[in-house]
Amino acid sequence: MAQHFLLSAAARTLSLKQVFKMGEDAAYEAFRAMRWPDGEATCPRCCCAETYSITTRKRFKCVGCHHQFSVTSGTIFASRKLSFTDLLAAIVIFVNGAKGVSALQVSRDLDVQYKTAFVLSHKLREAMALEAQGRILDGVVEVDGAYFGGYVKPANVKAERADRRTRLAQSGKRQSVIVMRERQGETLTFVGAKESEGVALVAKHVDATATIHADEASHWDVLHARYETFRINHSEAYSLNGACTNQAESFFSRLRRAEVGTHHHIAGPYLYAYAGEMAWREDNRRVANGGQAAMVTRAAMVSPVSRKWAGYWQRRA
């Protein structure tokens, strides 16, 4: 049997030891190269390429508008307080978790407050999500949905326990994650109140020439009018006559394990962020961790200032 990719040396091209040995100057140059691959600093305010470096402060000044800026100005890391070494280490820690990394672990590994690690992790998820913007899937696409959150603890006495499948016994906080996944391709995720909302999302984000694979849920019936569609009844088989949704189920397996073993609670307003992270991990599961770290760093350096996470804790003071 061939060795699993994650167990091979090819999967390990960057380590925390390498990050901390490279030093602050090398880490700074890595971020600078990610932001400006051609080597020329560009003003984030007027986009002028004519700038000069203030080397003593690691800042730049625009000749056109005289605006001073740094490597992280105008990016998702704007107003950072962590060193470039710590930022790079945080990214390596983040990508190394196959099922995700908790903010508590990041806070301990970097010796920073939990609040810092929580916001930083979500900023990385926001940057990763940019990769999927405007994506249209084609080829063979598997669609499915699963419910998360809204857990209702059963009563202690058996006679007092309600049937939690009924509407009255539910909390109303349960949400559905809808996944669309190309075979040997890319993944899109969405969060809605019901799995049936995925029908309209498929029509919007999947090319009309694609072939759809779905389970036996009745709301997927309308897809037959628009796509070549194969259905699998999971009460009979997981794969039958070429029809299956195993790739979609693989995504949900990773998300469930992240929920149970790493984050313990991923429901509520941030469910979409965790779903997007796990989709990114599924799509790049055969990329070495050094390549993954470079992808996340590059995404962070081209992402604009976060409107959701900038000043997050101050808004809730």
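Of the 317 residues in this chain, 44% count as buried. Please keep in mind as we go that this is a predicted model. The chain has nine helices and ten strands, and its C-alpha atoms fill a box of roughly 70 × 50 × 45 Å along the principal axes.

Let's go to the helices, and begin with α2, residues 84–96. How far apart are the end C-alpha atoms of α2? They are 18 Å apart, and that agrees with expectation, because 13 residues at 1.5 Å a residue should span 18 Å. Helix α2 is also mostly covered, with eleven of its 13 residues buried. Among them are Phe84, Leu87, Leu88, Ile91, Ile93 and Phe94. And what does the covering? The list includes α1 (16–35), α3 (103–110), α4 (114–129), α7 (271–283) and α8 (289–302).

Two of those covering helices, α1 and α8, also pack on each other. In general, two packed helices are described by the angle between their axes and the distance between the axes. For α1 and α8 the angle is about 65°, and the axes lie 8 Å apart. The two helices are therefore roughly perpendicular to each other. The crossing of α1 past α8 is right-handed. If you want to find the spot on screen, look for Phe31, Met34 and Arg35 on the α1 side, which meet Ala294, Thr297, Arg298 and Met301 on the α8 side.

While we are with helices, have a look at Lys123, which sits in α4. Is Lys123 buried or exposed? Lys123 counts as buried, because its relative accessibility is 14%, and the cut-off for buried is under 20%. Beyond its neighbours within four places in sequence, Lys123 is in contact with Ile76 and Trp309.

Now the strands. Three of them make an open sheet in the order β1-β2-β3, with antiparallel pairing. The edges of that sheet are β1 and β3 (68–69), each of which pairs on one side only. Between β1 (residues 51–54) and β2 (residues 59–62) there are four bridges. Within that pairing, Thr51 stands opposite Cys62, and Ser53 has Phe60 as its bridge partner. The β1–β2 hairpin has four residues between the strands, and Lys58 there takes a positive phi near 55°.

My last stop is β5, residues 175–182, where eight of the eight residues are buried. As a reminder, side chains in a regular strand alternate between the two faces of the sheet. In β5, Gln175, Val177, Val179 and Arg181 point one way, Ser176, Ile178, Met180 and Glu182 point the other way, and all are buried.

Which strands pair with β5? One is β4 (residues 140–148), antiparallel over eight bridges, with Ala146 partnered to Val177. Another is β6 (residues 187–192), again antiparallel, over six bridges, and here Met180 stands opposite Leu188. The hairpin of β5 and β6 has four residues between the strands, and in it Gln184 takes a positive phi near 60°.

Thanks, everyone, and I'm happy to go back to any of these spots on screen.

Terms used:
Residues are numbered from 1 along each chain as its sequence is written. This is a predicted model: local features need pLDDT of at least 70, side-chain atom pairs count only at pLDDT 80 or more; totals for chains, interfaces and linings use all residues. Side-chain values use heavy atoms; hydrogens and water are left out. Two strands pair if DSSP finds at least two bridges between them. The expected span of a helix is 1.5 Å times one less than its number of residues. Buried means under 20% relative accessible area, exposed over 50%, partly exposed in between (1.4 Å probe, protein chains only). Contact means heavy atoms within 4.5 Å. Axes are lines fitted to C-alpha atoms, for helices over the stretch in contact, and angles run from 0 to 180 degrees between N-to-C directions. Angles under 35 degrees count as roughly parallel, over 145 as roughly antiparallel, 65 to 115 as roughly perpendicular and the rest as oblique. A crossing is left-handed if the near helix is turned anticlockwise from the far one by less than a right angle, and right-handed if clockwise.
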